[in-house]
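Please consider the following briefing, which is arranged by topic and gives the cut-offs for each term where it is used.

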Amino acid sequence: MANGAQALMKTLVDAGIEVCFTNPGTSEMHFVAALDSEPRMRAVLALFEGVATGAADGYARMADKPAATLLHLGCGLGNGLANLHNARKGKVPMVNIVGDHATYHVPFDAQLQSDIETVARNVSPGFVRTAKSTADLCKDAVAAVSAARGLPGQVATLILPADVSWGDGGVPCPPPPQPTPAAADATTINTIAEAIRSGKKTALLLGGRALREPSLLAAARIAAHSGVKLLAEVFPTRLERGAGLPAVERIAYLAELASVQLADIEQLILVDAKAPVSFFAYPGKKSYLVPDSCTVFTLATPAQDSAASLQKLAAALAAENTAPLLQPAQRPGRPRGKLTAEKVCKAVGHLLPDNAIVIDEAITSGLLLSAMTAGAPRHDLITLTGGAIGQGLPNAIGAAIACPDRPVLALIGDGTAMYTIQSLWTMARENLNVTAIIFNNASYSVLNVELERVGAQKIGPKAKSQLDLNGPVLNFAQLGQGMGVHAVRVSTAEELVKAMEYALAMPGPHLIEAVVPESLNGVKRKVLPWLLRALPSLPRSLAKTLKRKIAP
């Protein structure tokens with residue numbers, strides 16, 4: 001007779017969950033032992049819970065199905081919260097299995113006792129459940145899987161008491177049915193089609209699954225037929241892009257620049273996206289970025305089928321046979337000379353292999369990445385959806401496991417790299433096809449920019465010291481080598497290109513530490529806040545030109 005953990009393992013795999021990213025403790029030992037009872041389940045050890053949760057996020061973005069995590073009590077779940085937050089914001093499916101004390105042990109309030117459900121609800125608001133019995137455990141698991149993979153995707157958390165796990169009488173359950181989302185109804189389609197026909201300046205704002213090829217092509221046909229502008233949310237969960245696919249302009253991170261992009265839009269149509277807001281509040285500036293004169297429509301919510309909705313809208317506009325405008329193939333030249341962040345982005349565009357997965361957590365160092373890779377061979381782009389740094393390296397693990405035949409290129413800032421640097425060890429242990437480029441500018445550069453933007457007064461040496469990474473300067477090549485990853489440090493474009501060519505040609509993980517100056521430093525950083533404040537008073541054409549210059 002199977003125990004609870006063994007029955008749970010079979011239930012998860014039958015439901016399509018074939019990878020579990022683990023950081024177990026004592027309460028999870030029966031689940032760990034049950035891994036050997038199910039050969040279809042791959043177990044991947046992470047040395048920090050934030051790596052496990054971020055890896056499960058990256059896996060689901062590329063596999064289009066959830067992975068599981070195995071976490072130890074409330075403290076372990078808490079350690080993984082930042083990347084669970086990113087998954088929640090990205091509507092990424094995931095099933096957390098969180099071990100708990102045996103039910104009879106809970107009243108004794110042992111050292112690691114905590115309120116796991118309260119910890120979980122912040123990142124798993126749609127499904128948190130504590131299994132009460134071995135007999136019902138697999139029913140609970142099926143409910144968790146069903147919640148995770150429905151639309152919109154979500155993080156589902158199943159809390160597993162130790163005695164429920166080790167108890168006899170576990171009964172595997174059949175998998176839940178696949179979700180069948182509906183498209184927008186006829187009234188919505190006709191209303192939006194009529195709005196587009198009005199001739200007012202209109203934009204489609206695409207997010208979530210609307211940034212995959214079928215939706216992009218339908219949206220591009222509408223744009224070509226009716227003169228509609230195509231926009232994408234600032235940090236897409238997954239964006240399919242490159243030569244042969246429609247180009248879409250992402251909303252800028254800086255609210256002042258986003259306002260320039262939206263200033264003359266009279267009608268904004270949301271497709272699996274929310275109306276743009278600024279990341280933070282700033283004195284004297286609006287949080288809601290849609291112009292007061294703009295009418296907002298919703299074509300498809302995250303729970304609906306965005307591709308089918310766009311295709312229905314294209315048909316209503318008689319645009320289904322219109323040729324979409326596609327991105328031509330083009331690459332930047334080979335960079336030369338002393339290394340800068342711009343030259344790193346240029347090298348990526350110059351060398352990016354076909355069908356790559358690009359993970360962008362380069363922060364300020366990656367400002368030119370989109371422009372430099374727009375015409376590169378087709379690739380998927382994963383970005384920092386929730387804004388909680390430390391996502392990129394774990395995402396690379398999950399993406400590489402989901403798509404073992406595709407090269408993964410992760411561009412990471414030095415500050416964010418240190419949040420989940422343990423990812424390198426898992427990459428080496430699993431021999432993953434990942435090339436990580438870490439921009440070492442010895443600074444929390446984005447925070448230096450924000451310090452200027454928020455208008456903080458009397459910025460002295462103590463304040464400035466909280467935003468730089470000097471003393472000592474980190475050596476990521478040595479850190480990578482210490483965790484079993486082939487790693488080099490480069491300071492010229494020629495060294496970078498040579499290192500990239502080697503990494504892309506050789507199997508296994510590679511780390512390239514790019515020593516670069518800050519992209520926004522000195523005069524640039526001082527001028528930027530003044531320039532952003534001036535944008536609303538400038539002629540619209542000049543403001544748009546400056547926007548393209550700052551964030552192409």
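Strand β3 (residues 68-72) and strand β4 (residues 94-100) pair in the parallel sense over five bridges, where strands (E, at least two residues) and helices (H or I, at least four) are DSSP runs numbered from the N terminus and two strands pair if DSSP finds at least two bridges between them. This is a predicted model, in which local features need pLDDT of at least 70 and side-chain atom pairs count only at pLDDT 80 or more, while totals for chains, interfaces and linings use all residues. Residues are numbered from 1 along each chain as its sequence is written, and side-chain values use heavy atoms, with hydrogens and water left out.

**Sheet**

- The open sheet consists of six strands in the order β2-β1-β3-β4-β6-β5, with parallel pairing, and its edge strands, β2 (42-45) and β5 (128-130), each pair on one side only.
- Helix α7 (residues 134-149) lies across β4, β5 and β6 (155-161) and runs at about 165 degrees to β6; axes are lines fitted to C-alpha atoms, for helices over the stretch in contact (heavy atoms within 4.5 Å), and angles run from 0 to 180 degrees between N-to-C directions.

**Aromatic pairs**

- The structure holds five aromatic pairs, counted when the ring centres of Phe, Tyr or Trp (its six-membered ring) lie within 6.5 Å, with planes under 30 degrees apart taken as stacked, over 60 as edge-to-face and the rest as tilted.
- F21 and Y59 form an edge-to-face pair, at 6.3 Å centre to centre and with 65 degrees between the planes.
- Because F21 lies in strand β1 (residues 19-22) and Y59 in helix α3 (residues 49-63), the pair ties together parts that are 38 residues apart in sequence.
- F21 and Y59 are buried, a term that stands for under 20% relative accessible area, with exposed meaning over 50% and partly exposed in between (1.4 Å probe, protein chains only).

**Surroundings of H225**

- H225 lies in helix α10 (residues 213-226) and is partly exposed, with a relative accessible area of 38%.
- Not counting residues up to four places away in sequence, H225 touches L317, A318, A319 and T322.
- H225 and A318 are 93 residues apart in sequence, yet their C-alpha atoms are 8.3 Å apart in space.
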